[in-house]
Amino acid sequence: MLKSIKVGGAGGVTKALQHGNSDTETFIDICYHAILGRAPDRIGLSSYGKMIAEAPNRETLIAVVRSIAMSEEARKYRDHHLAIKR
């Protein structure tokens, strides 16, 4: 089981690394927090969880990260945060 760590204050990664989550749920949670700045919704957790359960390998994990990162929500999140820093 993963232990909670503190990375950069009370940010998303800290929230993602909580006791009680399965490794798959934790992985998806970390991806959502790192890429979208939020926790996964039930649909995302379920669909990505099924993907990983059906093919628990490196390629599937990369596909999950790529899918989240290439989503419209991720693009809007990046655009918004990059605009703030300009």
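Reader: Is Asp79 buried, partly exposed or exposed?

Author: Buried means under 20% relative accessible area and exposed means over 50%, with partly exposed in between. In this predicted model, Asp79 has 39% relative accessibility, so Asp79 counts as partly exposed.

Reader: Which residue forms a salt bridge with Asp79?

Author: A salt bridge needs a side-chain nitrogen of Lys or Arg within 4 Å of a carboxyl oxygen of Asp or Glu. Asp79 pairs with Arg75, and their closest N and O atoms are 2.7 Å apart. Both residues lie in helix H5, four residues apart, about one turn of the helix. Arg75 also meets the side chain of Glu72 in a salt bridge, at 2.5 Å from N to O.

Reader: How many salt bridges does the whole structure have?

Author: A search finds four. One of them joins the side chains of Arg38 and Glu73, at 2.6 Å from N to O. Arg38 lies in the loop between H2 and helix H3 and Glu73 in helix H5, so this pair ties together parts that are 35 residues apart in sequence.

Reader: Why does Leu36 count as buried?

Author: The relative accessibility of Leu36 is 6%, and the cut-off for buried is under 20%. Leu36 is part of helix H2. Leaving aside residues up to four places away in sequence, Leu36 touches Cys31, Ile68, Ser71, Glu73, Ala74 and Tyr77.

Reader: What percentage of the protein chain counts as buried?

Author: Of its 86 residues, 23% do.

Key. Residues are numbered from 1 along each chain as its sequence is written. This is a predicted model: local features need pLDDT of at least 70, side-chain atom pairs count only at pLDDT 80 or more; totals for chains, interfaces and linings use all residues. Side-chain values use heavy atoms; hydrogens and water are left out. Buried means under 20% relative accessible area, exposed over 50%, partly exposed in between (1.4 Å probe, protein chains only). Helices (H or I, at least four residues) and strands (E, at least two) are DSSP runs, numbered from the N terminus. Contact means heavy atoms within 4.5 Å.
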